[in-house]
Amino acid sequence: MLWIGLLGIPLVGALVVLLLSDRAAKLGAAVVAALEVAAFAALLGGVAPTLNLAWIPAWGVRLHFTADGLALFLLGLTAVMTLVAICASNVQYGRAYFGWILFMEFASMGLFGAVDLFLFYIFWEVVLIPIFFLLTGWSGAKGRAAGLKWLIMNLFGSLFMLIGVVAVAVIHNQTTGSLSFEISQLTNLPVSSLAAPWLFGVFALAFAIKAPLWPFHGWMPDAYGEAPAPVTALLAGVLSKAGVFGFLRVLLPILGAELHAYQTGLMIWVAVSLVYGALMALRQTDMKMVSAYASLSHLSMIALGIFSLTAAGILGATFLMVAHGLMVGSLFLILGVVEERTGSREFTGLMGLNQGAPRLATYFLFFALATLGLPGLPGFAGEYMIMQGLVVHEVGFAVVAGIVLIVAAWYMLRLFQGIMQGRPDHPAVVDMNAGQVAWLVPLAILVAVIGVWPAGITGHAVPSLYHAVHFAVAQGGIR
Amino acid sequence: MRYLLPEIIVAGGALLGLLAIVGVPKVRGLASWILLVALLAAGIDAATMWNVTPSLIVYNSMAIDKYGIAVTELVLLAGISTLLLAWNAEYFGEEFPVLVALSVLGMMGLGGATSLIPVFLGIELLSLPLYILAASRHTAEGGEAALKYLLLGAFSSGILLFGMALLYGATSTLIFVAYPGIASHAQVWLLWPGLALVVVGITFKLAIVPFHMWVPDVYEGSPTPVTNLMAFGTKVGAAIILLRILAFGFYGQASAWGLLLGYLAVLTMIVGNLLALPQTNLKRLLGYSGIGHAGFLLIGIATHNIQGAQAMMFYLLPYGLAAIAVFAVIRLLEGGPGGEDRGVTLTDLKGMAYQRPWLAMVLTVGMLSFAGIPLTGGFVGKFFLVQAALFANRPGFAVGIVVGTLVGLAAYLRPLQAMFQRDGVSERVRTMRWSAAGVVVVVVAVVGTIGIGVYPQPLVHIVSQSANFYWLKGG
């Protein structure tokens, strides 16, 4: 029942918003998003609710959603960030914009909740469409090209994944004689050694493009740069998690043995991605790009935690997914405010904004510190758990991750100093208004609470995570 | 007689329509109404026969089975949508609906054919009215399209007929469902060339590469409703008869033709979609896209398994609905008389997303279904085909489907981007008027496309039944 609400509220809301006038659309969308947050709060109270209905019986496809520990807080992240993004959006964008945002919320909710591989795939692709239209219709000069790049690169990954999805079900059919896409039934597949690398490859490619991880991030600079700030916040905060989430949700149960076999190679790959993102962030002069590459680096860190195949590493990764979503989403929203106030994204021309806009500078500093992993804030807790997992497995990768954490402090503080500190050579900008503070304060409180009380999330996630990696344990994959 | 009632209704309707044109010339549009009612009645009648016991009639030349009934419903949908798209268009002349109905009658005949005679009759009856209809706008482009279509059509008919003659020489019967039984003592040196020529003749109609050259010019030059009938109806007719001939008459040789047709299909998907990329005229775009989709249909035949047959049957409906949606948008943008003289191009879509959001939504649904995005019927069709390819243990076909889809993506996305251009609104978008018939077509196409995408189970069930009987027969 709760699931019908979780999926139905944004979907019906999107249609209702389309019928409102352009001026009322923002308020309507905010109400819908608030309802969705309330629905999620109801979800927190009870035991993990599921929805399990027959959908296409001929193919064994089921409408199966679960809010297990892996998904629960990603659902919450989606609900919260959508509400904040709607509040931060310009009312002049009109009803179609808010309709697409709510449709994206629907698709993300479905994606994080789906435990049927067919269903997962459906939402995996559907989530691309609203972003394409938001980039095409409501972004900067290069937005249309960015939208096309986003859709084509992502579909390149996901269409090959489609072959993987069907192949997994066909292999299951050949051993059991029945057709099913239920992820929990697709474990222990007798994949031939010839097909296994290909099968693993198509899934990993799709996940790596969506995240994105180096070297599949070709769409990222344009899309993050051109999209309106709230859309970038949703892209980096929510949708990027879908990529790393896929490794946990799909690859670990279905191809856990292969994940174990290719572990070293995968870790080297994401370690390169980790360093690459950090170094790229260091040399950007566009403030949105600093955050974009920082986000790439953090996602690589999450992937590193997953590939460590230790309980601590995977737990840290799940935690950091949620924390990173809140932090980087907020950071992009604040950068959006800065861009709106100054008309520029180049921070070489900006200096000393804290003189005229102290509130803006304070919130900026808070989220920048959270992102770089200051103890007491959630970035630290997640990175600590990942490091713990890495130290257990292989110290070399832990050293790399540690060095990158130092670089992270460097690029974040460089960004902060570049924009906010120094002698102001820019006409004073208007500080944040009450409306903006209204959505920033709860967000900052949420980040602080998660930072000092990570157990609030990990406590929920642990039981189902152990369940999720059960198969890998049996393979000797988790240490 | 009972079993041929849908065909008789359509034929009778065509005659009645002709009589009405001659007898009561004062009442304009009477023939359109008569034929619309006839096509609807034939559809309802065919639906009531759904649970019929499969049997052969007319000296084993026609089969009455769910396969044929499903085909009948599909081509009637194509015919009805064509009539509605051309509703009240004066320059088509009064005989327009009669010709559409005759063409549909040919397609219906193909659905049940089990002998080469009805195959040939069906293909000719399908084509001849289309040659006339292509030129019905009396313009130079229309004439060129019609002549091109006629010459190439006659050429392919000749090839088809020659192939049939060879097959008859090899087996001394025209009833192709009997071929497996006599294949062992047939004249092999006549059988293979005969089969090859028949397949070539039909793939001409289906527009499979390398027999696709005529498509873009003919689609562009013909009036939009006629293009709709060509794109949907002709494709249904050609695809289903190819499947029936190959899987019924030649399943013993499947290992040979399956792989060959598979290569052709992959080639067609890639070439068709690749050529769609640079198109700016929407009808040409649909022409090339139609070539690409013919490749997808051919995959279902080439896999030669039950999933393939089902997938091909399935794919026809979302493809047709998406085509109808896009053709309806083109038709509405063309507007009144004279609007068709210049084709609808990408620049004509400028500002549509802001000025005409509902029309923009229709085009979006159609294009996304063509591109195979989930929650539209096109995705489920592609999924079905990939499934069929992997069940047939041919991963190469599946990769071909994916590559073909990827290549064509940008072609379907560019019209959507064009709608969002902010620098002004095109003249056509501004002056466009909704028509009642157009609204009916658009609603059916959009609801159908999304409906199949969101809840495909009923259609999956129907195609599994309609292809199932047929499969038992083929062994």
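Modeller: This is a predicted model. Two strands are said to pair if DSSP finds at least two bridges between them.

Colleague: How do you know that β1(A) and β2(A) pair, and which way do they run?

Modeller: Six bridges join β1(A) to β2(A), and the two strands run antiparallel; since pairing asks for at least two bridges, β1(A) and β2(A) count as paired. Within this pairing A:L51 stands opposite A:F65 in β2(A), and the two strands form a hairpin with four residues between them, where A:G60 in the turn has a positive phi of about 70°.

Colleague: Why is strand β2 of chain A called largely enclosed?

Modeller: A residue is buried if 20 or more other C-beta atoms lie within 10 Å of its own. Five of the six residues of β2 (residues 61–66) of chain A are buried, so this strand is largely enclosed by the rest of the structure.

Colleague: What makes up the side of chain A that touches chain B, by class?

Modeller: The contact takes 24 residues from chain A and 25 residues from chain B. The largest share of the side of chain A, 13 residues, comes from α7(A), and by class that side has 20 nonpolar, two polar and two charged residues.

Colleague: Which residues touch the most other members of the largest nonpolar core?

Modeller: Among the 397 residues of that core, those residues include A:L162 and B:L242, while helix α13 (residues 306–334) of chain B gives the largest share, 21 residues. Leaving aside neighbours within four places in sequence, B:L242 is in contact with B:V199, B:I202, B:L206 and B:I301.

Conventions. Residues are numbered from 1 along each chain as its sequence is written. Chains are lettered from A and ligands numbered from 1 in the order in which they are written. This is a predicted model: local features need pLDDT of at least 70, side-chain atom pairs count only at pLDDT 80 or more; totals for chains, interfaces and linings use all residues. Two residues are in contact if their C-beta atoms, placed from the backbone, lie within 7 Å. Ala, Val, Leu, Ile, Met, Phe, Trp, Tyr, Cys and Pro count as nonpolar, Asp, Glu, Lys and Arg as charged, and the others, Gly among them, as polar. A nonpolar core is a set of buried Ala, Val, Leu, Ile, Met, Phe, Trp, Tyr and Cys residues joined through C-beta atoms within 7 Å. A residue is buried if 20 or more other C-beta atoms lie within 10 Å of its own, exposed if 12 or fewer, and partly exposed in between; C-beta atoms are placed from the backbone.
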